[in-house]
Amino acid sequence: MTRRRQHLRTALAVAVVTSTMAVPAAAPAGAQEKSTFTVGVIQDMDAFNVTLGVTLSSFEAWNNHYPTLTDKSEDDFSVEPSLAESWTGSADGLTWTYKLREGLTWSDGEPLTAEDVVYTINRSRDEEWSNHYSTVANITAEATDELTVVLTSSEPDPKLPVMDVYIVPPQVYEGLDADALSAHKAIDDPGGGPFVMKEWKKGQFWRMEANDSYWRGRPAVDELIFRVYTNPDALIAALKSGEIDATGDIPANQFDLLKNESDITVIAGNQGGFNELSINAGDGLGDFHPAVADPIVRRAIAHAIDRQTLLDRVLNGLGSLTPAMSTSASPEWDLVLPEAEQYGFDPDTARQLLEDAGYVDTDDDGVREDPDGRPLEFRYLSRSESELSAPLADFIGEWLKDIGIEIKIEVLSDTQLTPRIAEGTYEMFVWGWVPYVDPDPMLSYFTCSEISDDPESPGWNDANWCDPEYDRLYKEQNRELDPERRHEIVQEMLKIFHDSASYVVLFKTDDLNAFRNDRFTDVVCEPTETGPFLFTNTGKTYQRIRPVEDGETGSADCGERVAAASGGDAGDTASTADDSGSSAGLVIGLVAALVVLAGIVVFVLAKRKPADERE
Amino acid sequence: MGRRRAARVRRRRSLARSWSLFRAHTPGMAGLVVLAAFVLLALAAPLISDAGGLKVTHAIGNPQWAHPSSEFPLGTDNLGRSVAAQFVWGSRISLFVGLMATLLTMVIGSVVGIASGFFGRWIDAGLMRVTEWFLVIPFLPLAIVLAKILGPSVWNVIFVIGITSWPATARVIRAQVLSVKERLFVERSRALGAGTWHLTSRHVLPNVAPLILANTTLTVPIAILTETTLAFVGLGDPTRASWGKTLEEAFAAGAVIGRNAWWYYLPAGVGIIAVVMAFTLCGHALEEILNPKLRER
């Protein structure tokens, strides 16, 4: 259930115009005023059908619409009751028995029973629904009575008792075979989560209504609207003007400005998202420069990049450094590596590595050649859909030039990038991931079988890297029931992947969230102390928020950070006001200077005229 | 030899007359002064500003979003680079692309226009259909699609602008050729046995040349604006500073709406307006001088 983060940026002015047309149907003027929580998003859903969608936006909608057997705690993602009130495991860890709550119903009034849970799990395994399959691949579900679900795993499964696949309503799905399902829009399906999907206008907004029959009770907010903005500037303007109540898509370069707004609370939280420079390790398809298949070249590249500077200058410090990829929303799974073994910024080491391996600049043009005389000129694929791409390409290009490697930047959209990676016709690219809670899916992506053998249906392994030892350890951790031992194996796997230097992890990126504290209160961060409150793993914010009462200022359940983020802003605000005052003055001055200059030119020329004519 | 010298003297006199007319043309002169200033700036870029100032890795120690100061005359951008350096170096690419693209436009437009007007009949019909085809396709989408397909580089941008903006020139020149080729001296020359090459290069071309020149100065601003547009939507050369790229980066970095970092985007914007304005003024002045019908007096 890991998914690519797909931040979009305006490509064309046309797109700006459409975003302003994204006005949802006005709330009907009822007797009682409806409370609507409006969230601004940059990325629309790709599909609401759980068997098709991959975007974060789709997950955010599903978390609200569909019930799950178990939930995750907002403190540390530990397993919590949801539809299942309690569960017990057998001694061998292969069989788990879940007891459902009594009186559960779907939003259409149909009872929600053990049979419904069993239906979803078995069907999604049989038909290999992409978002469910990694969780249910080895599991057989059975309902022993109305309220009891028994899951039997053919292999030991460390992820159990967590069972968080979205439970779909059989009263609709039984009438859909696999073909019909792939065309199913799912918008009017009954739901079992806190909100139910009601309307989706692609590229404009989607609207969800509170579910009266939600087992935790109807949420305090009557309606959720997710409004799509194609341009971050328009999004920020909408937040400031109160057109939207919250957003999870603040660009890093605007975050510090929003801190000064007293009506807006901003929160920077991490849930494992990171950006990497991926170097084609050469185990996949394609026509690539043979030098990148040499781990020494990849390590030299890793040493040439100053990640601290990237974090400070490109991300404005809104993130953190990590030696290897993160595989979980929880930092406990991150690789712990002594500084000496990490790829520190050291161009001299990088040059030495290349020199010793026979990559020497033989023709003195500043670019090294490989032993066959091919210059180290690498294609660097840059994403058009992230505002970080251009500065990252600038920095990385200059550092690599410094050690004698030239890059050729190609700017691609995300939909072009995926097949290019599968094709293998590149040397490096920069992209990012947002992992799920359990490390298994993220680890699975770098196994040999995930390398694409057909660009038409790309696999997940976008490093084109393959290591039998890693694959062996992957299978081992996937059936290791002892959490400590599993943790050790994962560390070992991450170390192998780190040493291959096929993924140079640049930084972990914070999710930058904000909400209007003059409208709503009680947003929930996941994990509480370090995470964001929107686009989280369970969407607790939507269940807990409520409109503020008169004179109340909205608060966030996000640990210590909130005070730090929005406190002590009086001085800042004043100085900003000063800045804008003086800048307005300077603009006027500049314009005045231009006018005067133009005036002088015209005057001088006008005076010359009679003399010319006299000639 | 004597005849050639006479021709040369006549041309020099005519040039001098045009020049004195131009000098008397106030807006045209103002445009020329501004233009000269920018060309000087572009040529002297290496003397004024260190190219290293464009490098992000050289700007690591600089403050980000700094207001203009004595150290950074136009402040710094989101990565700490000097905006002044970007402005100076950007003028080179903007002018270079503008001029090269115009050259391409003029060559294609003149050849098509002269061929079409001079030969007439099916050549004319064929070439004019192609011209109309290019004219009816909306210019900007075509340029964007082409730039996207060809990939971002300075030469591709020049090619894209050249290939999309020649039809207007071709039609203007064709109209003039149609009138020139009916004149008596052309008839006479043809009666004396002059071939196609002689007629087009010695009689037609010199007579449409002033029009080409005036058209050129009016096309450069369009080319510069197109370059800016392409760079702004991210289709320019990502490795070279240009004014359009500066505007694109300023917009992407939130300088325009969020931060109001006017020093980042205003110089490039003013630069583009000034150069475009200057070319337009010069172009109109030339048009007036070279086309007696437009001249008042």
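**Chat notes on the fold**

Mentor: Before we start, keep in mind that this is a predicted model. Reading chain B along its sequence gives α-α-α-α-α-α-α-α-α-α-α.

Trainee: What box do its C-alpha atoms fill?
Mentor: Along the principal axes, the C-alpha atoms of chain B fill roughly 75 × 45 × 35 Å. The chain has 297 residues, of which 44% count as buried. Take the contacts in chain B with a separation of 6 or more: 70% of them come from residues 24 or more positions apart.

Trainee: What span should helix α2 of chain B have?
Mentor: Helix α2 of chain B (residues 26-43) has 18 residues, so at 1.5 Å a residue it should span 26 Å. Its end C-alpha atoms are 26 Å apart, which agrees.

Trainee: And which residues of α2(B) are buried?
Mentor: Those are Gly28(B), Met29(B), Ala30(B), Gly31(B), Val34(B) and Leu35(B).

Trainee: Next, at what angle do α9 and α10 of chain B pack?
Mentor: Helix α9 (residues 196-232) and helix α10 (residues 243-252) of chain B pack at about 35°, and their axes are 7 Å apart. The crossing of α9(B) past α10(B) is right-handed.

Trainee: Which residues make that contact?
Mentor: From α9(B) you have Glu227(B), Thr228(B), Leu230(B), Ala231(B) and Phe232(B), and from α10(B) Trp243(B), Gly244(B), Lys245(B), Leu247(B) and Glu248(B). By type, the contact of α9(B) with α10(B) has five nonpolar, two polar and three charged residues.

Trainee: Switching to chain A, what's the strand order in the open sheet of seven strands?
Mentor: The order is β8-β9-β10-β1-β11-β19-β12 in chain A, and the pairing is mixed.

Trainee: Why do β8 and β12 of chain A each have one side without a neighbour in the sheet?
Mentor: Because β8 (195-201) and β12 (264-269) of chain A stand at the edges, and each has a single partner strand.

Trainee: How do β11 and β19 of chain A run, parallel or antiparallel?
Mentor: Strand β11 (residues 246-247) and strand β19 (residues 511-516) of chain A run antiparallel, joined by two bridges. In β19(A), Ala514(A) is the bridge partner of Thr247(A).

Trainee: Which strands does helix α2 of chain A lie across?
Mentor: Helix α2 of chain A (residues 56-65) lies across β1, β8, β9 and β10 of chain A, at about 145° to β8(A). Helix α7 of chain A (residues 232-241) lies across β1, β11, β12 and β19, at about 155° to β1(A).

Trainee: Now, how many residues of β17 in chain A are buried?
Mentor: Six of its six residues are buried in strand β17 (residues 428-433) of chain A. Met428(A), Val430(A) and Gly432(A) point one way from β17(A), while Phe429(A), Trp431(A) and Trp433(A) point the other way.

Trainee: What about its pairing with β13(A)?
Mentor: β13(A) and β17(A) run antiparallel and are joined by six bridges. With strand β15 (residues 377-383) of chain A, β17(A) pairs in the parallel sense over two bridges. Phe429(A) is the bridge partner of Ser278(A) and of Leu381(A).

Trainee: Last one: how many residues of helix α9 in chain A are buried?
Mentor: Eight of the 10 residues of helix α9 (residues 295-304) of chain A are buried. The buried residues of α9(A) pack against β13, α11, α12 and β18 of chain A.

Key
Residues are numbered from 1 along each chain as its sequence is written. Chains are lettered from A and ligands numbered from 1 in the order in which they are written. This is a predicted model: local features need pLDDT of at least 70, side-chain atom pairs count only at pLDDT 80 or more; totals for chains, interfaces and linings use all residues. Axes are lines fitted to C-alpha atoms, for helices over the stretch in contact, and angles run from 0 to 180 degrees between N-to-C directions. Helices (H or I, at least four residues) and strands (E, at least two) are DSSP runs, numbered from the N terminus. A crossing is left-handed if the near helix is turned anticlockwise from the far one by less than a right angle, and right-handed if clockwise. Two residues are in contact if their C-beta atoms, placed from the backbone, lie within 7 Å. Ala, Val, Leu, Ile, Met, Phe, Trp, Tyr, Cys and Pro count as nonpolar, Asp, Glu, Lys and Arg as charged, and the others, Gly among them, as polar. A residue is buried if 20 or more other C-beta atoms lie within 10 Å of its own, exposed if 12 or fewer, and partly exposed in between; C-beta atoms are placed from the backbone. The expected span of a helix is 1.5 Å times one less than its number of residues. Two strands pair if DSSP finds at least two bridges between them.
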